[in-house]
Amino acid sequence: ALVLLLFRFWRGGVALRATASDQGAAYMMGINVPRVFSLAWVASAMIAAVSGIIVGAIGGISSSMGIFGLSVLVVVIVGGLDSVLGALVAGLLIGLIEALAGAYLGGEYKLLATFIALVVVLMVRPYGLFGTHEIERL
């Protein structure tokens, strides 16, 4: 939610969204696009570091931490690859599905339930729940 608010209201977040939408227009509006690229890399590294610290503190550091990344991939695709709000909503939805599948079906079916949810969402909405539908003609 904090990242969503930063993208909406912070000047750097608006520059990030403008550059992601159209680099040429961002240049014309006076946005320093190479600096925005650097800001994007720094912000993503900071978010990844904080997320890694939180995941390591909750579940411990082990070789099986990569399975957590599969759930994150499902969350991002279900929410829409270009929507922060979609990732937030999909994270809550996939977390609920994992919890219910773990409680009623057993722990080994949690990952299977999330991938079934992924397939169902992609069959209904190929761009994710909140992804933008863009058609480009070549």
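Colleague: Where does Ser 83 lie?

Modeller: Ser 83 sits in the loop between α5 and α6. Bear in mind that this is a predicted model.

Colleague: Noted. Is Ser 83 buried or exposed?

Modeller: Ser 83 is buried, because its relative accessibility is 14% and the cut-off for buried is under 20%.

Colleague: What does the side chain of Ser 83 reach?

Modeller: The backbone nitrogen of Gly 86, at 2.8 Å.

Colleague: How does the lining of the second largest pocket split by class?

Modeller: It has 13 nonpolar, six polar and four charged residues.

Colleague: And how much space lies in the largest pocket?

Modeller: About 1,200 Å³. The lining of the largest pocket consists of 32 residues. Those nearest its centre are Val 3, Ile 47, Ala 48, Ser 51 and Val 84.

Colleague: Which elements give two or more residues to the lining of the largest pocket?

Modeller: α1 (2–9), α4 (33–59), α5 and α6. The largest share comes from α4, with 11 residues.

Colleague: What classes do the residues of that lining divide into?

Modeller: There are 26 nonpolar residues, five polar and one charged.

Colleague: Let's step back to the whole chain. How many helices and strands does it have?

Modeller: Seven helices and zero strands. Read from the N terminus on, the order is α-α-α-α-α-α-α.

Colleague: What box do the C-alpha atoms fill?

Modeller: Roughly 55 × 40 × 25 Å, taken along the principal axes.

Colleague: What share of the residues is buried?

Modeller: Of the 138 residues in the chain, 22% are buried. As for contacts with a separation of 6 or more, 43% of them are between residues 24 or more positions apart.

Colleague: Which residues make up the largest nonpolar core?

Modeller: There are eight: Val 74, Val 75, Val 78, Ala 90, Ile 94, Ala 117, Leu 118 and Val 121. The elements that give two or more residues to this core are α5 (66–79), α6 (84–104) and α7 (110–124).

Colleague: Take Val 75. What is it in contact with, leaving aside neighbours within four places in sequence?

Modeller: Val 75 is in contact with Ala 87, Ala 90, Gly 91 and Ile 94. Ala 90 and Ile 94 are also members of the largest nonpolar core.

Colleague: Change of topic: Thr 19. Which helix is it in?

Modeller: Thr 19 is in α2. Thr 19 counts as buried because its relative accessibility is 4%.

Colleague: What lies 2.8 Å from a polar atom of its side chain?

Modeller: The backbone oxygen of Ala 15.

Colleague: And which residues does Thr 19 touch, not counting those up to four places away in sequence?

Modeller: Ala 26, Ile 31, Val 33, Val 36 and Phe 37.

Colleague: Now Arg 125. Where does it lie?

Modeller: Arg 125 is in the segment after α7. Its side chain reaches the backbone oxygen of Leu 129 at 3.4 Å.

Colleague: Why does Arg 125 count as partly exposed?

Modeller: Because its relative accessible area is 41%, and partly exposed covers values between the buried limit of 20% and the exposed limit of 50%.

Colleague: What separates the C-alpha atoms of Arg 125 and Gly 80?

Modeller: 9.5 Å, with the two residues 45 apart along the chain.

Colleague: Last one, Ala 49. What is its place?

Modeller: Ala 49 is in helix α4. Its relative accessibility is 41%, so Ala 49 counts as partly exposed. The C-alpha atoms of Ala 49 and Leu 85 are separated by 21 Å, and these residues are 36 apart along the chain.

Notes. Residues are numbered from 1 along each chain as its sequence is written. This is a predicted model: local features need pLDDT of at least 70, side-chain atom pairs count only at pLDDT 80 or more; totals for chains, interfaces and linings use all residues. Side-chain values use heavy atoms; hydrogens and water are left out. A nonpolar core is a set of buried Ala, Val, Leu, Ile, Met, Phe, Trp, Tyr and Cys residues joined through side-chain atoms within 4.5 Å. Buried means under 20% relative accessible area, exposed over 50%, partly exposed in between (1.4 Å probe, protein chains only). Helices (H or I, at least four residues) and strands (E, at least two) are DSSP runs, numbered from the N terminus. Contact means heavy atoms within 4.5 Å. On a 1 Å grid over the protein atoms alone, a cavity is a set of points where a 1.4 Å probe fits but cannot get out, and a pocket is an open set with protein on both sides within 12 Å along at least five of seven lines; lining residues have an atom within 4 Å of a point. Grid points are joined across faces, edges and corners, and a volume is the space filled by probe spheres set on the points. Ala, Val, Leu, Ile, Met, Phe, Trp, Tyr, Cys and Pro count as nonpolar, Asp, Glu, Lys and Arg as charged, and the others, Gly among them, as polar. A polar contact is a pair of N or O atoms within 3.5 Å; within protein, one must be able to donate a hydrogen and the other to accept it, and residues adjacent in sequence count only if both atoms are side-chain atoms.
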